[in-house]
Amino acid sequence: MSEAEAIDRAKQGDAVCFELLYGLHKRRVYSLCLRMTGNTAEAEDLTQEAFLQLYRKIATFRGESAFSTWLHRLAVNVVLMHLRKKGLPEVSLEETMEPQQEDGPRKDIGARDNVLAGSIDRVNLERAIESLPPGYRIIFVLHDIEGYEHNEIAEMMGCSIGNSKSQLHKARMKLRDLLKTSRAEKAAKR
Amino acid sequence: MFQREEVMNCAEFQKVLPYIIESGGNAEEEAHLRECDVCSDLVQDLRYIAEQAKLLLPMHDPSPKVWDGIQENLQREGLAKPARARGRLLGFPSLPSLSIFLLLFAAAAVGFGLLK
């Protein structure tokens, strides 16, 4: 059975087809929730909530975008709603493109270090993303991993496009620091 | 008389770095990038991080309790009927039990065929 057939049948309340859709998309939805929250238990709760909403809303899916795109947008909204309820900082609306002192680029000319290229693996990168502050992490996951554009992120998060760009830049700068520190620590142990 | 353009310094370059990463720099910024190893390394690293992030795949499945929770919630809300067996929604035999049934049916059919 194709995914399109499964979607059509799930719209009519076919439980087996809904389970099939769950099987096809659970990993990506869960990974999205896990990367956005950095917490396994929360990610599982949010995955559950996303699929419950899918069950309730699947009849409204018109096929204007790919089903996976539609479902992931639904999941992102579930996570963002949860974070708002928790009162976690997402993105400060007062942020501007001006780099802040603590997060801005280093101006220490002459302190050249080896570039990261070729020295980071998936595990290190995942770990570094996990340790980003929530606001940076969410924007980074949405833009660099999930492939959302800044205008889409701004709309979802209720911030400006400039703010989204600024937060992404700071997130990448912070990741660079974290990855370099991790690399230096590993080298020191050898 | 020809006047030499002011050369961009690192602070000025890094102030506009988010735009440079996204859409490339102008001639002055490109010139700074060619001459400054520190800024050049920085740009290279930030692009590398973005590229590596795009390659990250979903790696983990949620635990089975997530699906159990979905079913319980749907049943509680009356959207799905109670399951006959653990992990299944009502009205649909599980694949293993269906396979066993078909296997037994096929065996019986063969058996009858041989007896005749």
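The model is a predicted one, in which local features need pLDDT of at least 70, side-chain atom pairs count only at pLDDT 80 or more, and totals for chains, interfaces and linings use all residues. Residues are numbered from 1 along each chain as its sequence is written, while chains are lettered from A and ligands numbered from 1 in the order in which they are written.

Chain A has eight helices and zero strands, where helices (H or I, at least four residues) and strands (E, at least two) are DSSP runs numbered from the N terminus. Among its contacts with a separation of 6 or more, 69% involve residues 24 or more positions apart; two residues are in contact if their C-beta atoms, placed from the backbone, lie within 7 Å.

The domain assignment, which is automatic or taken from a database, divides chain A into domain 1 (3–86) and domain 2 (91–190). Where these two meet, domain 1 of chain A contributes eight residues and domain 2 of chain A ten residues. On the domain 1 side, H2 and H4 of chain A each supply at least two residues, and H4(A) has the largest share with four residues. By class, that side of domain 1 holds four nonpolar, three polar and one charged residues. Here Ala, Val, Leu, Ile, Met, Phe, Trp, Tyr, Cys and Pro count as nonpolar, Asp, Glu, Lys and Arg as charged, and the others, Gly among them, as polar.

Helix H6(A) deserves a look of its own. Eleven of the twelve residues of H6(A) are buried, so this helix is largely enclosed by the rest of the structure. The buried residues include Tyr136(A), Ile139(A), Phe140(A) and His143(A). Their cover includes H2, helix H4 (67–86), H5, helix H7 (150–157) and H8 of chain A, together with helix H4 (37–54) of chain B. At 1.5 Å a residue, the twelve residues of H6(A) should span 16 Å, and the end C-alpha atoms are 15 Å apart, which agrees; the expected span is 1.5 Å times one less than the number of residues. After H6(A) comes Gly147(A), with a positive phi near 80 degrees.

Among contacts in chain B between residues at least 6 apart in sequence, 22% join residues at least 24 apart.

The contact between the chains takes 37 residues from chain A and 37 residues from chain B. On the chain A side, two or more residues come from each of helix H2 (15–37), helix H3 (40–57), helix H5 (122–130), helix H6 (134–145) and helix H8 (161–189). H2(A) gives the most, with ten residues. This side of chain A divides into 19 nonpolar, five polar and 13 charged residues.

As for confidence, the predictor gives the complex an ipTM of 0.80 and a pTM of 0.77. Chain B averages a pLDDT of 76, and 66% of the residues score at least 70; pLDDT is the predictor's confidence in each residue, from 0 to 100. Within chain B, confidence is highest in helix H5 (residues 64–76), at a mean of 92, and lowest in helix H6 (residues 95–115), at 63. Over residues 83–87 of chain B, pLDDT stays under 50, and the model has six contacts beyond four places in sequence for them.

How values were computed: A residue is buried if 20 or more other C-beta atoms lie within 10 Å of its own, exposed if 12 or fewer, and partly exposed in between; C-beta atoms are placed from the backbone.
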